[in-house]
Amino acid sequence: PGKAPAQPQGSAADRPTTTTMQQRWAFTVEKASSGAARALEAELLRRKDARFKAVVQPDLPAANTWQGLLQKGLQGSKAGGTRSTSTSTSTSGGKRREDLCGADVVQTVGVNLRTRRELGSYLHQKVTECRDRYGCDGEDGDDDEGTTRMRALLCVSGGHPARRLPFLGGRAGILADSADLLREASRCRDTLGSLALGRESLSPGDPFELWCVENPLQAFDGGRLARKLEAGGTKGGTPP
């Protein structure tokens with residue numbers, strides 16, 4: 001699990017509530033993709049001490065290494081000409097809803113190979129996808145206890161290997177980075193938050209935050225983290 005800022009827990013019987021994003025310390029669970037990991041995810045979210053306050057929905061590149069990209073390309077070539085016949089399960093209202101035991105959702109938005117001009121539309125795309133996937137649109141009523149809501153966006157540069165090329169990635173590259181993404185998200189925060197929470201507009205009491213990360217596997221760089229906070233980040237977390 002990753003860890004992001006929130007406050008000490010209350011009663012051991014408490015379940016996650018809609019104010020969790022306003023707390024100082026919180027533990028989060030990254031959304032699992034495999035069956036075994038999903039079982040562990042559900043177990044963590046159902047803990048009686050409500051220690052895990054949010055589920056982080058990933059936004060991953062096709063691969064994070066050149067070898068991985070090559071393998072993806074070869075797999076795509078072998079599967080050329082075939083069509084997927086897979087289907088997804090939906091609720092009676094036409095929307096797929098996953099039970100997160102009342103935990104909030106944090107949607108990751110990765111820049112990867114996007115330029116600065118593409119960030120605004122991509123932010124709106126990811127908020128809409130997450131809202132539709134988890135039913136975080138306010139259609140089921142007010143923010144009652146146990147109701148899942150999208151409370152934050154986690155803005156990251158992404159792990160696509162092309163970002164390591166000097167002329168593409170880095171502060172001098174032509175691709176955007178997490179600071180650019182945070183600036184754009186901060187500029188249109190009210191619009192994104194209204195879309196995420198199903199509101200006409202955000203009020204001061206509506207928590208909708210912009211998270212950034214500090215990679216614990218790298219040497220700590222206070223300047224790097226400061227740039228993200230100055231760009232609009234409201235909380236910093238350590239990725240899983």
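Predicted model: local features only at pLDDT ≥ 70, side-chain atom pairs only at ≥ 80, totals over all residues.
View 1. Residues are numbered from 1 along each chain as its sequence is written, and side-chain values use heavy atoms, with hydrogens and water left out. Helices (H or I, at least four residues) and strands (E, at least two) are DSSP runs numbered from the N terminus. Among the buried residues of H3 are Tyr122, Lys126, Cys130, Arg131 and Tyr134, where buried means under 20% relative accessible area, exposed over 50% and partly exposed in between (1.4 Å probe, protein chains only). The buried residues of H3 pack against strands E3 (52-57), E4 (104-110) and E5 (150-156) and against helices H4 (178-187) and H5 (189-197). Just after H3, Gly135 takes a positive phi of about 70°.

**View 2. The packing of H3 on H4.** The two helices H3 and H4 pack at an angle of about 70°, with their axes 10 Å apart; axes are lines fitted to C-alpha atoms, for helices over the stretch in contact, and angles run from 0 to 180 degrees between N-to-C directions. H3 is therefore roughly perpendicular to H4, the class for angles of 65 to 115 degrees. Leu119, Gly120 and Leu123 of H3 meet Asp180, Leu181, Glu184 and Ala185 of H4, contact being heavy atoms within 4.5 Å.

**View 3. The aromatic pair Phe27 and Phe52.** The structure holds one aromatic pair, with rings of Phe, Tyr and Trp (its six-membered ring) counted if their centres lie within 6.5 Å, and planes under 30 degrees apart called stacked, over 60 edge-to-face and the rest tilted. The ring centres of Phe27 and Phe52 are 6.0 Å apart and their planes stand at 55°, so the pair is tilted. Phe27 in strand E2 (residues 26-30) and Phe52 in strand E3 are 25 residues apart, and the pair thus links distant parts of the chain. Phe27 is partly exposed at 34% relative accessible area, whereas Phe52 is buried at 7%.

**View 4. Ser194 in helix H5.** Ser194 lies in helix H5 and is buried, with a relative accessible area of 9%. Not counting residues up to four places away in sequence, Ser194 touches Arg199, Glu200, Ser201 and Leu202.

Notes. Parallel < 35°, antiparallel > 145°, perpendicular 65-115°, else oblique.
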